[in-house]
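Here are some exercises to work through with the model open beside you. Try each task before you read its solution.

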Amino acid sequence: MAGARICLGQIGAAHGVHGEVRLHSFTAEPAAIARYGPLETEDGRVFKIETLRPAKHAFVAKLSGIDDRNAAERLANIKLYVPRERLPQPAEPDEFYHADLIGLRAFDRAGRECGTVVAVHNFGAGDLIELQPPEGAQTELLPFDAATVPEVNVRGGTIVINPSSLAAERGEAEPSRSSARKGPLTRTAAGSRRPRSTLPRKGREV
């Protein structure tokens, strides 16, 4: 998806007095964040990771151009991105980067348009897609699993959702259905994973 960016990490608190920061990596192999080249902020600043060493629950990093504690403190909570095209293609046919799902139009099995994917979330129990209905009503969160989202066509810009699986999950009456596959979502690198599967963690994006 041209122009998309993937969030690989987030800067935490300043560390020491020489410009180092705590860095939280969202890549599948946490130390790999240093191998994807320069990282960009949302406002267009570019940083290179000059040094990286493990610390409790994070890394301590030295970023290019940050030489004192005051400069490091100003970076707290800033997210770091790389262009989508710099990342490898997903290894499995049913893996997707979160950024590739944003903007996909959702249809039900009868071909009725149900909305557009506006975000992907993970609050600890599996990936959720946030759907904006076409009439502009309140968004809805749907499980991103093979039962609820049986088809994903990134090239075609669409997904198919299965409302009957949602009805079953909520304990509502539903029509009989054939063997829709079901399973928990597991997370990978910059997206999420489902049993037929996606690619962040909390936003783990590569």
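**Exercise 1. Find which residues have the most contacts inside the largest nonpolar core, and which elements build it.**

Step 1. Start with the terms: a nonpolar core is a set of buried Ala, Val, Leu, Ile, Met, Phe, Trp, Tyr and Cys residues joined through side-chain atoms within 4.5 Å. Buried means under 20% relative accessible area, exposed over 50%, and partly exposed in between, with a 1.4 Å probe and protein chains only.

Step 2. The largest such core has 26 residues, and the most contacts inside it belong to Leu8, Ile11, Leu23, Leu39, Leu63, Ile66 and Leu75.

Step 3. Two or more residues each come from β1 (5-15), β2 (20-25), β6 (58-63), α1 (69-73) and β7 (79-83). Helices (H or I, at least four residues) and strands (E, at least two) are DSSP runs, numbered from the N terminus. The top contributor is β1, with four residues.

Step 4. Another core lies apart from this one; its 14 residues include Leu104, Val117, Ile129 and Phe144.

A note on the source: this is a predicted model, where local features need pLDDT of at least 70, side-chain atom pairs count only at pLDDT 80 or more, and totals for chains, interfaces and linings use all residues. Residues are numbered from 1 along each chain as its sequence is written, and side-chain values use heavy atoms, leaving out hydrogens and water.

**Exercise 2. Work out how β10 pairs with β9 and with β11.**

Step 1. Two strands pair if DSSP finds at least two bridges between them.

Step 2. Strand β9 (residues 105-107) runs antiparallel to β10 (residues 113-122), joined by three bridges. Here Arg105 is opposite Thr116 in β10.

Step 3. Six bridges connect β10 with β11 (residues 127-132), also antiparallel. Val117 has Leu131 of β11 as its bridge partner.

Step 4. Now look at the turns. Five residues separate the strands in the β9 and β10 hairpin, where Gly111 has a positive phi near 90 degrees. In the β10 and β11 hairpin there are four, and Gly124 has a positive phi near 115 degrees.

**Exercise 3. Describe the aromatic pair of Phe96 and Phe144.**

Step 1. Rings of Phe, Tyr and Trp (its six-membered ring) pair if their centres lie within 6.5 Å; planes under 30 degrees apart count as stacked, over 60 as edge-to-face and the rest as tilted. This rule gives one aromatic pair.

Step 2. Phe96 and Phe144 are 6.4 Å apart centre to centre, with 80 degrees between the planes, making the pair edge-to-face.

Step 3. Phe96 lies in β8 (residues 96-97) and Phe144 in the loop between β12 (140-143) and β13 (151-153), 48 residues apart. Both Phe96 and Phe144 are buried.
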